[in-house]
Structure formats: structure tokens, C-alpha cells
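Visitor: I'd like to learn how to read a structure like this, feature by feature. Can you walk me through it?

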Amino acid sequence: MDRCARCHGDHGGGDGPDASLYKPLPSSLSDDKTGQLTDGELFWKISKGRRPMPSYENELTEEQRWQLVNLLRTFAAKTAPEAAAPTAKPSP
């Protein structure tokens, strides 16, 4: 969505061309904090907005807002798998 990318950037990093115009700065949609939000929380934030982000409840259909939630999930940072904990040697 062009409207989102203006502030959040093409890859959700919070680094869009208009990002520096706002306080607080747009959040990164690929950080751990965003990744820990539930789908319902993301849907609510898109719907209701929070200054300086506008509400999209009356501009996008419910289906479009859920599609955005799915899009946001694709921005989630790919974390490296945790190192496997050492295991005890099997007894002979």
C-alpha cells in the first residue's frame, strides 16, 4: 500500500520518504515488538490509528485491513534459529 510505504517504507522498516516528518517516528513493522503483537492487535491499530498514523477504519474494508495484517506478517524479521542446547551423552 502506497499510503503505508510513505511512512513505514517499502519493506516495513519505518524508513519511508515521509518518516522524518513525524514525531513519533513510524514504527518498524519488521522488529520483534511488532512481531509479538497478535493479529487482532495489528488489525485494531490499522483500524483505529494512533497519532500521527491515521485511522483506516473508514477508508479500507474489513477484508482489506485483514489483508494488511497478513502483509505485515511478511515483514517480520527472520530470526536465526536458537543454538541447540548441548545434550547429555547417552549412557552406554
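**Reading the fold, one feature at a time**

Guide: Let's start with one residue. Setting aside neighbours within four places in sequence, Arg 65 is in contact with Phe 43, Ile 46, Ser 47, Tyr 56, Glu 57 and Leu 60. Keep in mind that this is a predicted model.

Visitor: Where is Arg 65 found, and is Arg 65 buried or exposed?

Guide: Arg 65 is found in helix H4. Its relative accessible area is 8%, and buried means under 20%, so Arg 65 counts as buried.

Visitor: Let me zoom out, then. How many helices and strands does the chain have?

Guide: The chain has four helices and zero strands. Read from the N terminus on, the elements run α-α-α-α. Of the 92 residues, 27% count as buried. As for contacts with a separation of 6 or more, 37% of them are between residues 24 or more positions apart.

Visitor: Now the charged side chains. How should I read a salt bridge?

Guide: The general idea goes like this: side chains of opposite charge can pair when their charged atoms come close. This structure holds four salt bridges. One of them joins the side chains of Arg 3 and Glu 59, at 2.6 Å from N to O. Arg 3 lies in helix H1 (residues 2–8) and Glu 59 in the loop between helix H3 (39–48) and helix H4 (62–74), so this pair ties together parts that are 56 residues apart in sequence.

Visitor: What is the relative accessibility of Arg 3, and what is that of Glu 59?

Guide: Arg 3 has 38% relative accessibility, which counts as partly exposed. Glu 59 is partly exposed too, with a relative accessible area of 48%.

Visitor: Which side chain meets Asp 39 in a salt bridge?

Guide: That's Arg 73, at 2.8 Å from N to O. Asp 39 lies in helix H3 and Arg 73 in helix H4, so the pair ties together parts that are 34 residues apart in sequence. Asp 39 is partly exposed at 37% relative accessibility, and Arg 73 is partly exposed with a relative accessible area of 29%.

Arg 73 turns up again in the surroundings of Thr 34. Not counting residues up to four places away in sequence, Thr 34 touches Ser 28, Leu 29, Leu 42 and Arg 73. Thr 34 lies in helix H2 and is buried, with a relative accessible area of 9%.

Visitor: On to rings. What do I look at in an aromatic pair?

Guide: A pair of aromatic rings is described by the distance of the centres and the angle of the planes. The structure holds one aromatic pair. The rings of Phe 43 and Trp 66 have centres 4.2 Å apart and planes at 15 degrees, so the pair is stacked. It links distant parts of the chain: Phe 43 is in helix H3 and Trp 66 in helix H4, 23 residues apart.

Visitor: Is Phe 43 buried or exposed, and how does Trp 66 count?

Guide: Phe 43 counts as buried, at 15% relative accessibility, whereas Trp 66 is partly exposed, with a relative accessible area of 33%.

Visitor: Last one: how do I read a pocket?

Guide: Rolling a probe the size of a water molecule over the atoms shows where empty space is left. Here the largest pocket holds about 940 Å³ of space. Its lining is made up of 36 residues, with His 8, Pro 26, Ser 27, Leu 29 and Met 53 nearest the centre. The elements giving two or more residues to that lining are H1, helix H2 (32–35), H3 and H4.

Visitor: Which element gives the largest share of the lining, and how do its residues divide by type?

Guide: The largest share comes from H1, with six residues. By type, the lining of the largest pocket divides into 21 nonpolar, six polar and nine charged residues.

Technical notes
Residues are numbered from 1 along each chain as its sequence is written. This is a predicted model: local features need pLDDT of at least 70, side-chain atom pairs count only at pLDDT 80 or more; totals for chains, interfaces and linings use all residues. Side-chain values use heavy atoms; hydrogens and water are left out. Buried means under 20% relative accessible area, exposed over 50%, partly exposed in between (1.4 Å probe, protein chains only). On a 1 Å grid over the protein atoms alone, a cavity is a set of points where a 1.4 Å probe fits but cannot get out, and a pocket is an open set with protein on both sides within 12 Å along at least five of seven lines; lining residues have an atom within 4 Å of a point. Grid points are joined across faces, edges and corners, and a volume is the space filled by probe spheres set on the points. Ala, Val, Leu, Ile, Met, Phe, Trp, Tyr, Cys and Pro count as nonpolar, Asp, Glu, Lys and Arg as charged, and the others, Gly among them, as polar. Rings of Phe, Tyr and Trp (its six-membered ring) pair if their centres lie within 6.5 Å; planes under 30 degrees apart count as stacked, over 60 as edge-to-face and the rest as tilted. Contact means heavy atoms within 4.5 Å.
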